[in-house]
Amino acid sequence: MTASVLFVCLGNICRSPTAEAVCRTLAAREGQEILFDSAGTGDWHVGDPPDFRARKTAGRQGYEMATLRARTVTSDDFDRFDLILAMDSSNLQWLERRRPSGSRAQLGLFLEFALGPSHGDVPDPYYSGQFDAVLELIERAGAAIVAKLRKHDGRRAHGPGP
């Protein structure tokens, strides 16, 4: 059984597509078959590629984002994915409010799931311009997520923390 993870941020043009590209690359390097995707809670950028600054920053580190396009979270996502990880607490709250009854996805915060409960939100670089710092944080957390999913050998991952 292939594990599946959806990363969620506000517009799906900075943080969540970066997490998708990083985790997809890290898993592929290890020969792991994991389905990674990303989506946003807002619809302002649907169909757009990731922010050019996110693409440029990720590209310098070997992460390909050119084919990614923004989309919004759908109700089907809650059954399609094992794990839906929000990049910040406000997007997690949005997901919790819209989660269909009986859905199978486990919801959580990206950093908390990857690195433990003392970690919080991934800062949004859209206005701050801190794309390098955000990429470094996502790389560290992404490596932990890929390792955690490898440890669970494709079974559904459980609980926050490393």
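Predicted model: local features only at pLDDT ≥ 70, side-chain atom pairs only at ≥ 80, totals over all residues.

Q: How do the axes of α1 and helix α7 cross?
A: Residues are numbered from 1 along each chain as its sequence is written, and side-chain values use heavy atoms, with hydrogens and water left out. Now, the axes of α1 and α7 (residues 131-151) come within 9 Å and cross at roughly 45 degrees. Axes here are lines fitted to C-alpha atoms, for helices over the stretch in contact, with angles from 0 to 180 degrees between N-to-C directions. Helices (H or I, at least four residues) and strands (E, at least two) are DSSP runs, numbered from the N terminus.

Q: What does that make α1 relative to α7?
A: Oblique. Under 35 degrees counts as roughly parallel, over 145 as roughly antiparallel, 65 to 115 as roughly perpendicular, and the rest as oblique.

Q: Which α7 residues does α1 meet?
A: Val134, Leu135, Ile138, Glu139, Gly142, Ala143 and Val146. From α1, the residues in contact (heavy atoms within 4.5 Å) are Arg15, Thr18, Ala19, Val22, Cys23, Leu26 and Ala27.

Q: Switching topic: how many disulfides are there?
A: The structure holds zero, counting a disulfide as a pair of cysteine sulfur atoms within 2.5 Å. Cys9 is in none, and its nearest cysteine sulfur, that of Cys14, is 6.8 Å away.

Q: Is Cys9 buried or exposed?
A: Cys9 is buried, at 3% relative accessibility. Buried means under 20% relative accessible area, exposed over 50%, and partly exposed in between (1.4 Å probe, protein chains only). Cys14 is buried too, at 5%.

Q: And where is Asn12 found?
A: Asn12 sits in the loop between β1 (3-9) and α1 (15-29). Its phi is near 60 degrees, a positive value in a residue other than glycine. For context, most residues other than glycine have a negative phi. Asn12 also counts as buried, at 2% relative accessibility.

Q: Last one: what does Gly40 touch?
A: Leaving out residues up to four places away in sequence, Gly40 touches Val8, Cys9, Leu10, Gly11, Asn12, Arg71, Thr72 and Val73. Gly40 lies in strand β2 (residues 34-40) and is buried, with 0% relative accessibility. Gly40 and Val73 are 33 residues apart in sequence and 5.8 Å apart in space, C-alpha to C-alpha.
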